[in-house]
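Open the structure in your viewer and keep the selection tool at hand. The stops below say what to select next and what is there.

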Amino acid sequence: QVQLVESGGGLVQAGGSLRLSCAASGSTFSIYAMGWFRQAPGKEREFVAAITWSYANTYYADSVKGRFTISRDNNKNTVYLQMNSLKPEDTAVYYCAARRGSGRYSNPVEYDYWGQGTQVTVSS
């Protein structure tokens with residue numbers, strides 16, 4: 001089993017930046033890729049970004065391309081989401097997720113482990 005703990009959320013004004021962190025523990029050897037999803041009130045959970053563990057191939061939702069950067073530190077078993085030029089529509093609970101295999105990284109159903117979420121609020 002894998003445990004994921006997010007941190008770094010908070011309140012920021014539009015145009016500002018935040019960096020989210022997700023620390024993985026447990027059976028981290030089984031992780032093939034990690035991703036970030038977000039869920040705003042009344043909306044479905046949506047894909048934000050993903051990164052493969054071995055070679056750091058990255059994938060982004062169109063809505064965050066050019067603004068968000070996902071990265072990972074294998075030694076620390078940690079994935080990061082650097083969020084720049086934040087917009088009010090980025091406001092959501094952000095969830096870190098991990099999966100044991102490859103596939104469609106934007107599909108939350110294919111992920112095996114989830115963190116508890118961290119709130120990101122962007123004021124206008």
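This tour of a predicted model goes from a disulfide to a group of rings and ends at a loop residue.

Start by selecting Cys-22 and Cys-96, which form a disulfide with their sulfur atoms 2.0 Å apart. The structure holds one disulfide. Cys-22 belongs to strand 3 (residues 18–26) and Cys-96 to strand 9, so the pair links distant parts of the chain, 74 residues apart. Turn the view to look at the S-S bond: its torsion is about -80°, so this disulfide is left-handed. Both Cys-22 and Cys-96 are buried.

Next, select Phe-37 and Phe-47. Their rings make an edge-to-face pair, 5.6 Å centre to centre with 70° between the planes. Phe-37 is in strand 4 (residues 33–39) and Phe-47 in strand 5 (residues 46–52), so the pair ties together parts ten residues apart in sequence. Phe-37 is buried at 0% relative accessibility, and Phe-47 is buried at 12%.

Tyr-111 is buried, whereas Trp-114 is partly exposed, at 29%. Ring pairs link Phe-37, Phe-47, Tyr-111 and Trp-114 into a cluster.

Now show Arg-45. Its charged end sits over the ring of Tyr-95, 3.9 Å from the centre, and over the ring of Trp-114, 4.8 Å from the centre.

Finish at Asp-90, in the loop between strand 8 (78–83) and strand 9 (92–99). Asp-90 is buried, with a relative accessible area of 1%. A polar atom of the Asp-90 side chain lies 2.7 Å from the backbone nitrogen of Lys-87.

Key: Residues are numbered from 1 along each chain as its sequence is written. This is a predicted model: local features need pLDDT of at least 70, side-chain atom pairs count only at pLDDT 80 or more; totals for chains, interfaces and linings use all residues. Side-chain values use heavy atoms; hydrogens and water are left out. Helices (H or I, at least four residues) and strands (E, at least two) are DSSP runs, numbered from the N terminus. Buried means under 20% relative accessible area, exposed over 50%, partly exposed in between (1.4 Å probe, protein chains only). A polar contact is a pair of N or O atoms within 3.5 Å; within protein, one must be able to donate a hydrogen and the other to accept it, and residues adjacent in sequence count only if both atoms are side-chain atoms. A disulfide is a pair of cysteine sulfur atoms within 2.5 Å. Rings of Phe, Tyr and Trp (its six-membered ring) pair if their centres lie within 6.5 Å; planes under 30 degrees apart count as stacked, over 60 as edge-to-face and the rest as tilted. A charge sits over a ring if NZ of Lys or CZ of Arg is within 6 Å of the ring centre and within 35 degrees of the ring normal.
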